[in-house]
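Here is a briefing for a first look at this structure. Please keep the sequence and the 3D view open while reading.

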Amino acid sequence: MSHSAPGIVRSFIFSAFFFLSVPALAQEAFEFWPDADYDPAIPSFQDVLGYAPGERITWHKDVLKYFEALQAAAPGRVVIQEYAKSWEGRSLIYVAIASAENIARMDEIKASMQRLSDPRTISEGDADNLIRDLPGVVWLSYAVHGNEISSTDAAMMTAYHLLASRGDDRVADMMANSFVLIDPLQNPDGRDRFIHNFEIAEGLQPDPDPLAAEHNEPWPGGRTNHYLFDLNRDWFMQTQPETQGKAKAIREWLPLAFVDAHEMGGNSTYYFAPEAIPYNPHLAKDQRDSLELFGRNNARWFDAFGFDYFTREVFDAFYPGYGASWPAYFGSVGMTYEQGSARGLNYRRYDGKEFHYRDTVRNHFVTSLSTVEIVARNREKLIRDFFNYHKSAIEEGASEDIRSYIIPTQNDQAGADKLAGLLVRQGVDVGQANDGFRACGADYAAGSYVINLDQPAKRFIRNMMDPDVPIEEGFLAEQERRRDKNLPDEIYDVTAWSLPLMMNVTANSCNRPVGVAVTAATDALIRPGAVENAGAGVSYLVPWGDVSAVRFLTAALRQGLDVKSTDLAFTNAGRDYPAGTLILDVTDNPDDLSMRVQDIARMSGADVVGVDDSWVTAGPNFGSNNVVTMNAPRVAIAWDQGTGSSSAGNTRFIIERQLGYPVSAIRTNQLARADLSRYQVLILPEQGFFGGGYAGVLGKAGADNLKDWVSRGGVLIGLGSAMRYLADPSVDLASARREDAVRDGDAAKGNGAKDGDGKEKDKGPATVPGKLIESVETYKTNVQPNKESPDSVAGVLVRAHVDPDHWLGAGVAENLNVLIRGRDIYAPLTLDQGRNVAYFAAADDLHLSGYLWDENRQQLAFKPFVTAEQKGRGVVIGFTQDPNVRAYLDGLNLIFANAIFRGAAHARPVR
């Protein structure tokens, strides 16, 4: 490398800097890249922010400030593009960095990648020309989890190094042969929350002790966004604005390689691909082979620098909803990079060794450059692999057993429309049939959605639409072996994610393509509703049965309209209406009711029928006692310590942003003594680790306050592990009780056992009777704990049946699909205790998707999913599994909405 005179050249060597009131420590030079020679015309961290990389944790506003300074200094080589705004109004950007020649043709490069992604529209010759000509597009994404802090500063360093380096042929090659897209901060709300908590905990100097407050965040922590979503699980459901904008931008660029840079626990070193098994079967062999290519180059650089790393052990490539996996189904080589986190500026590992924040920044910086280097060096191979990925997808879609999917018109048309829109948003060709047709022995109505699989998105379609994605048999056998030895399984995330199942939408596969004429479906998630007989003289009826009707209800209540709902099905003017149907009487509402109903129908997607005669030929009349008034309840949710932050945030998001109704978030400790009389509904999300769960935060006073509030007419809803609190005998707000695991047909009894929570039982006598163990099988039986909870399940979809006679089941589908996680199984309520409104199916009919331990499958049969108990004037409703996980179980939204709004209608507080 060439060097110029001191004062002209800025070396990328920085010194440690501490704010001390004692004589300064000797400065220790820290080298990020050996012998780096930087152009002084490109501003450094120090120039713009006043500190060196890794000396401070950079706020979001300063990230933007720095990239804006780079763009101002090198406008021909840098382009900043905003792709979204966070809930809290922060800009999310990606930054394009390339040679001036490639920046000048960035629109052409983007368009060319789109052409290569659809081999149906381009000749082999034209494809060859593009493959020879195009630079390799690489997308580097950082900090999807806001408290995984080092990668954002590494993103800034990567940009600086690419723009400012002089005399480095490797960088020149990267700039000429790659087109780098840097997303420096995917979760700005979470990052700024983390930095705020970190800075208010800082002391005189950085404290490396893991127990120090600066390393331990208060609830909810900075990992998640404003609604406390893990944005690295939102990729295919795309509920959050950060994900929606990012996914759209990635689909526009279609990068050859995609890196998602993370952090892990501070006692770990550094992880990069290849990933752990199991691999998703819809990944192409070329993609798996390329993981080795990138991994080996990272290893080469880490060896040169003397950095430790590991591969293959933890993070798998099975679940398609990570940042490192979702892009792979559009032809990218997707990779996760994980750095052991300082969670501050200095950290002491378990072995007593300390490392600094700048060390973590440097490591991500090195792998970022290594990734760009491989893309630049192998651009033709990677572009050809990208083209062939889409070409082979079309061929497979035309020859495999499943060649089309059909989403028929159905009762939950709102769910069907949303599913189709989600697929279109993610590059799937979806058509809507212009006429009725017949396929694979079934008749379908006009308006049904048709997805033929001979298209580039075939692998993504199979991942999202197939009821089950198989897991490697060898991997499953190993998990069973580990379970036999009471070792934890190695399943990293959920093993079931089928969109039709999670949304409870009917979707049928067919072994041949569908030839009906179609109109291309749009990416709209809500179809505007319509009003039949808009000038009705008596009432407007909104059939209950999908989330569009819920959106109609919430909008009507917020406008102060008078709304009733029937507990039973009825027939009016020859038309059948389901239980739950909304009734808006003309005489009880404002004169402009017709206009309001039409506006709400358009917004909500609900179809409305105006009637001029209230006479019913079956079922209850509109004035029956089986018709209840839908009051506008004030809804509260437990917030802060004691609650699981993700469950709390996901639940609040669903109510506020998907159902359209405001929620009051009340800090959990206030529930112990607060006057709750102005609230009609209180939701307890799943329990969390902060504060010892609900029992630790609420204490006896809290339990007594909740009991009193419920008895006076409150509706208390417990989700998932919150049922542990409600069902604890010392609280006894819910009558359900958790079951121990069934072993050999019965829960064994014995000495020295612990229950599933690790609580110590009677230790028994000092000695026990001797016994002979004559075989390995007998030995295995004898070493099993005498009493324990069922084994934990990572995430499996199972079937539940709904009691249609209970008001909580009004309008709800006969069968629901529930995501089972964890180890909790509850005994059914007896009829004198309450009702099991939804219960799991028989063992042979239970399992839908994912890998479920056989013992759990058998024990879950006929156990409750949703319970309801009258308590004085109020109601306690329990969901034994959280219905709001990641906001992707749309098929459970209606029964959850019933718990809130129909629950409030059926409670009897003194008004």
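Arg459 lies over the face of Tyr389, 4.4 Å from the ring centre. A charge sits over a ring if NZ of Lys or CZ of Arg is within 6 Å of the ring centre and within 35 degrees of the ring normal. This is a predicted model: local features need pLDDT of at least 70, side-chain atom pairs count only at pLDDT 80 or more, and totals for chains, interfaces and linings use all residues. Residues are numbered from 1 along each chain as its sequence is written, and side-chain values use heavy atoms, with hydrogens and water left out.

**Charge over a ring**

- Arg634 also takes up such a position, over the face of Tyr679. Its distance from the ring centre is 4.9 Å.

**Aromatic pairs**

- A pair of aromatic rings is described by the distance of the centres and the angle of the planes.
- Rings of Phe, Tyr and Trp (its six-membered ring) pair if their centres lie within 6.5 Å; planes under 30 degrees apart count as stacked, over 60 as edge-to-face and the rest as tilted.
- The structure holds 48 aromatic pairs. In one, the rings of Tyr38 and Tyr160 have centres 4.9 Å apart and planes at 35 degrees, so the pair is tilted.
- Tyr38 lies in the loop between strand E2 (29-31) and helix H1 (45-49), and Tyr160 in helix H6 (residues 150-164), so the pair ties together parts 122 residues apart in sequence. Helices (H or I, at least four residues) and strands (E, at least two) are DSSP runs, numbered from the N terminus.
- Tyr38 and Tyr160 are both buried. Buried means under 20% relative accessible area, exposed over 50%, partly exposed in between (1.4 Å probe, protein chains only).
- Phe272 and Phe302 form an edge-to-face pair, 5.6 Å centre to centre with 85 degrees between the planes.
- Phe272 lies in the loop between strand E8 (270-271) and strand E9 (276-279), while Phe302 is in helix H10 (residues 285-305), so this pair ties together parts 30 residues apart in sequence. Both Phe272 and Phe302 are buried.
- Phe272 and Phe302 also belong to one aromatic cluster, whose members include Trp33, Tyr270, Trp301 and Phe365.

**Salt bridges**

- Side chains of opposite charge can pair when their charged atoms come close.
- A salt bridge is a side-chain nitrogen of Lys or Arg within 4 Å of a carboxyl oxygen of Asp or Glu. A search of the whole structure finds 66.
- Asp133 and Arg105 meet in one of them, at 2.9 Å from N to O. Asp133 lies in helix H5 (residues 124-133) and Arg105 in the loop between helix H3 (100-104) and helix H4 (106-116), so the pair ties together parts 28 residues apart in sequence.
- Asp133 is partly exposed, at 41% relative accessible area. Arg105 is buried, at 18%.
- Arg233 and Asp493 form a salt bridge at 2.7 Å, N to O. The pair links distant parts of the chain, 260 residues apart: Arg233 is in the loop between helix H8 (188-201) and helix H9 (241-253), Asp493 in the loop between helix H15 (473-484) and helix H16 (499-503).
- Arg233 and Asp493 are both buried. They also belong to a network of salt bridges with Glu148, Arg223, Asp230 and Arg886.
- Asp359 and Arg362 form a salt bridge, with the closest N and O atoms 3.6 Å apart. Both lie in helix H11 (residues 357-377), three residues apart, about one turn of the helix.
- Asp359 is buried, at 17% relative accessibility. Arg362 is buried too, at 13%.

**Helix H25**

- The 14 residues of helix H25 (residues 893-906) should span 20 Å at 1.5 Å a residue, and the end C-alpha atoms are 19 Å apart, which agrees. The expected span is 1.5 Å times one less than the number of residues.
- H25 bends by about 30 degrees at Ala899. The bend is the angle between axes fitted to the seven residues ending there and the seven starting there.
- In H25, 14 of the 14 residues are buried, so the helix is largely enclosed by the rest of the structure.

- Asp385 lies in helix H12 (residues 379-399). Asp385 is buried, with a relative accessible area of 16%.
- Leaving aside neighbours within four places in sequence, Asp385 is in contact (heavy atoms within 4.5 Å) with Asp286 and Ser290.
- Thr867 is found in strand E38 (residues 864-871). Thr867 counts as buried, at 1% relative accessibility.
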